[in-house]
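Please keep the structure open while you read.

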Amino acid sequence: MALNAVKQVNLKINGLDVCVPEGTTILEAARSVGIRIPTLCFLKNINEIGACRICVVEVEGARSLVASCVYPVSEGMVVRTNTEKVRHSRQLTLELIMSNHRMDCLTCARNSHCELLALANELRIDAVRYANDQLPPQIEDSALHLVRDNSKCILCRRCTATCHKVQQVAVISPNERGFKTHIACAYDRDLGEVDCVSCGQCVVACPTGALTVRDDTEKVWAALDDPAKHVVVAPAPAVRVTLGECLGMPIGTNVEGKLATALRRLGFDRVFDVDTAADFTIVEEGTEFLDRLQNGGVLPMITSCSPGWIRYCELHQPDLIPNLSSCKSPQQMFGSLVKTYYAEKEGIDPRDIVVVSVMPCTAKKYEVQREEMRLANGCLPVDISITTRELSSMIKRAGLLFDHLPDGEFDEALGVSTGAAAIFGATGGVMEAALRTVAVKLAGVGMQVDFHEVRGLEGIKEAGYCLPGRTVRVAVASGLSNAKKLLDRVKKGEAHYDFIEIMGCPGGCINGGGQPTQPADVRSFTDLVKLRSEALYSQDVRTQLRRSHENPVLQQIYQEYLGKPGGHRAHEILHTHYAPMRKYRT
Amino acid sequence: MPNCKTVVPYRGTQEQEDRLRRFLQDHKGQPGAVMPVLQEIQSIFGYLPEEALIIAAEEMDISLSELYSVGSFYAQFSFNPKGVHQVSVCLGTACYVKGAAEVLEAAEKKLGICNGSITLDGRFSLDATRCIGACGLAPVMMVDSDVYGRLTPDQVGPILDKYM
């Protein structure tokens, strides 16, 4: 036996012998022998409070039913998960939970993928006897990215646990007590008034329709219906490996070709790719980094692609604003290029162009209206930002049978990209893409393409690379609690880096707030981030060009229009600035 | 709603804020400091004003939302200052069965505020209390230290008029 081997525990679940490591919960132990126990408030590693009592089971010798999601196994334990007592208890609990849930399921945004609805079905709730304080809607839509309706909230705390633990933004909590308990901000202020960073992680954590993303699809339909408008669209790198989940495909399916076809059939005038803009981001950011490195600029330089992170930095870490790269995010670079270079080339008035972006992100809805992004011609770069989920609803509404669609291609003018851009969607991807270009710029040809140390699922990653002249020390963090941890160390002088990549969402954009919602059952027992990111890295390997600066379209646009990377025109169009923001409003 | 948002402007003084800051200095980084901090704020300001909670949130690196969440859980914390005249209606068992709920409703209507809050001009605050030991007089209302017993809802208005 190895020195640190974990003790194994033997128990019986529904008559089956089970052997699991000490500390395992009954829920997980049951899962290991093919028994699924229903849950509602449980979200692995995030919300493990045993509050909702849906996962109760019988344990021989225990005084009452126990919550299996938090109850650890012990030697000789005898567990029953499917007795009359258990079934009845779960039913009664769910009935009580439903008694003050507003049940307008037919018109609810979550109706086809609501965990409460699925559970009501599974537990065979035929009627709610305790009807019921049917609450009127309590719509709170002050935030740009999401809509709250507490009349559908079941107080599971999955959103607040995510906000406090995963993101450490902590703007929503349970307020008051007993029957008056409700999830809200301090002093019951609206979400739009407080220091929420718009990451949307609470939305993907919510099991019901209490938290939904603001739906901007009507604006897109209106633009598509307007013959006077030239409507262009582009999806973010991470969207192609997640969209399929909303349309019945396995997690981690890359649907890039079908995505391009679907967008064209929806009626967009041009179907471009944000991947192209991601290559510009790398060339600009790489140039900026080399300049800072060689000319004594502010280091560590921190990436600026994630608008949730940017807002967090402006609100919570304003002293680091000089460290932020001045590069716009790929979304904003894309819109900026469309409304300058592309408009001029095609002879279209940029005011007649509607730029739609498809994003894995809810904070992008906030980013598109940032005044700092405005171009010299008076236009904001992007007009409408929709999420992966919103696009899937448009595809369904348009009657496109997604799995029947042939593979298509993006329009070339802004639709050619490299493998470096593809991996933007995963944590560490921007860093690796930047290193590929920076290494070549510093050392010439023959440098490595793969930087494995910055890949992977850990919340914080570090590496040092020996490049001619000096060692470049880099760090990567995803999820704002990890970002805070990393930056605290940097500020205390405990860690020294030259370049830091930060993504607001844990795992990066593939796990963004605008990505397909998966029920807790899937989220707790499947590594979504791993499956989705593998699809991006295999796209990278398949791509012929893997360094952003090798992108022929990019090279042509610099030559024809932008001039030098980091030059005057590039700065005017592709860069922005930031300012500290007030955290509290009184 | 015992904890509805106050309508009275913040009147905290520099001296009060300094006192709070000194207290926070001593408790910085201490685990489980939320309760003592909230208690201190209430003892300094008489209630939990947003401005004071923000000071605490910043100094202690605790989110404002968490402080408010804990504060609003406990009935003994108030988010409203007390008025010049403090009106309280007993909701103890004896008073309750004698119709105290209607008395409270009449007081809420007369003052135009909900239980637990304060009038815009800061003159009256209204609270429901537990048994005040005057069960023989049920239902009972107190205005400052004056006790009014055997009340009917229609008597509430004229009584409060005397303090207007």
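1. Start with burial in chain B. Buried residues make up 34% of its 164 residues. A residue counts as buried if 20 or more other C-beta atoms lie within 10 Å of its own, as exposed if 12 or fewer do, and as partly exposed in between; the C-beta atoms are placed from the backbone.

2. A word on the basis. This is a predicted model, in which local features need pLDDT of at least 70 and side-chain atom pairs count only at pLDDT 80 or more, while totals for chains, interfaces and linings use all residues. Residues are numbered from 1 along each chain as its sequence is written, and chains are lettered from A and ligands numbered from 1 in the order in which they are written.

3. Now confidence. The mean pLDDT of chain B is 92, where pLDDT is the predictor's confidence in each residue, from 0 to 100. In chain B, 97% of residues reach 70 or more. For the complex, the predictor gives an ipTM of 0.91 and a pTM of 0.92.

4. Chain B has 7 helices and 4 strands. Helices (H or I, at least four residues) and strands (E, at least two) are DSSP runs, numbered from the N terminus. Along the sequence the pattern reads α-α-α-α-β-α-α-β-β-β-α. The C-alpha atoms of chain B fill a box of roughly 50 × 30 × 25 Å along the principal axes.

5. Chain B is split into domain 1 (14-73) and domain 2 (85-161). Such bounds come from an automatic or database domain assignment. The C-alpha centres of these two domains of chain B lie 31 Å apart. Take the contacts in chain B between residues at least 6 apart in sequence: 65% of them join residues at least 24 apart. Two residues are in contact if their C-beta atoms, placed from the backbone, lie within 7 Å.

6. Chain A is assigned domain 1 (8-96), domain 2 (108-213) and domain 3 (218-574). The C-alpha centres of domain 1 and domain 2 of chain A are 26 Å apart. Their contact takes 15 residues from domain 1 of chain A and 18 residues from domain 2 of chain A. On the domain 1 side there are 11 nonpolar, 2 polar and 2 charged residues. Here Ala, Val, Leu, Ile, Met, Phe, Trp, Tyr, Cys and Pro count as nonpolar, Asp, Glu, Lys and Arg as charged, and the others, Gly among them, as polar.

7. Next, the cores. A nonpolar core is a set of buried Ala, Val, Leu, Ile, Met, Phe, Trp, Tyr and Cys residues joined through C-beta atoms within 7 Å. The largest has 178 residues; A:Val232, A:Val233, A:Val338, B:Ile41 and B:Leu53 touch the most other members. Another core, of 21 residues, lies apart from it, and includes B:Ile113 and B:Phe124. In soluble globular proteins, nonpolar side chains tend to be buried together. Beyond four places in sequence, B:Leu53 is in contact with B:Ile41, B:Leu48, B:Leu64, B:Leu67 and B:Tyr68.

8. Look at helix H9 (residues 274-294) of chain A. Its 21 residues reach 30 Å from first C-alpha to last, close to the 30 Å expected at 1.5 Å a residue; the expected span is 1.5 Å times one less than the number of residues. 16 of the 21 residues of H9(A) are buried, so the helix is largely enclosed by the rest of the structure. A:Gly296 follows H9(A), with a positive phi near 70 degrees.

9. A:Pro300 sits in the loop between H9 and strand S13 (301-302) of chain A. Is A:Pro300 partly exposed or buried? A:Pro300 counts as partly exposed, because it has 19 C-beta neighbours inside 10 Å. The peptide bond from A:Leu299 to A:Pro300 is cis, with omega near -5 degrees. Chain B has a cis bond to check too: it joins B:Ala138 and B:Pro139, with omega about -5 degrees.

10. Last, a backbone check. Phi of A:Ala170 is near 50 degrees, a positive value in a residue other than glycine. A:Ala170 is buried, with 20 other C-beta atoms within 10 Å.
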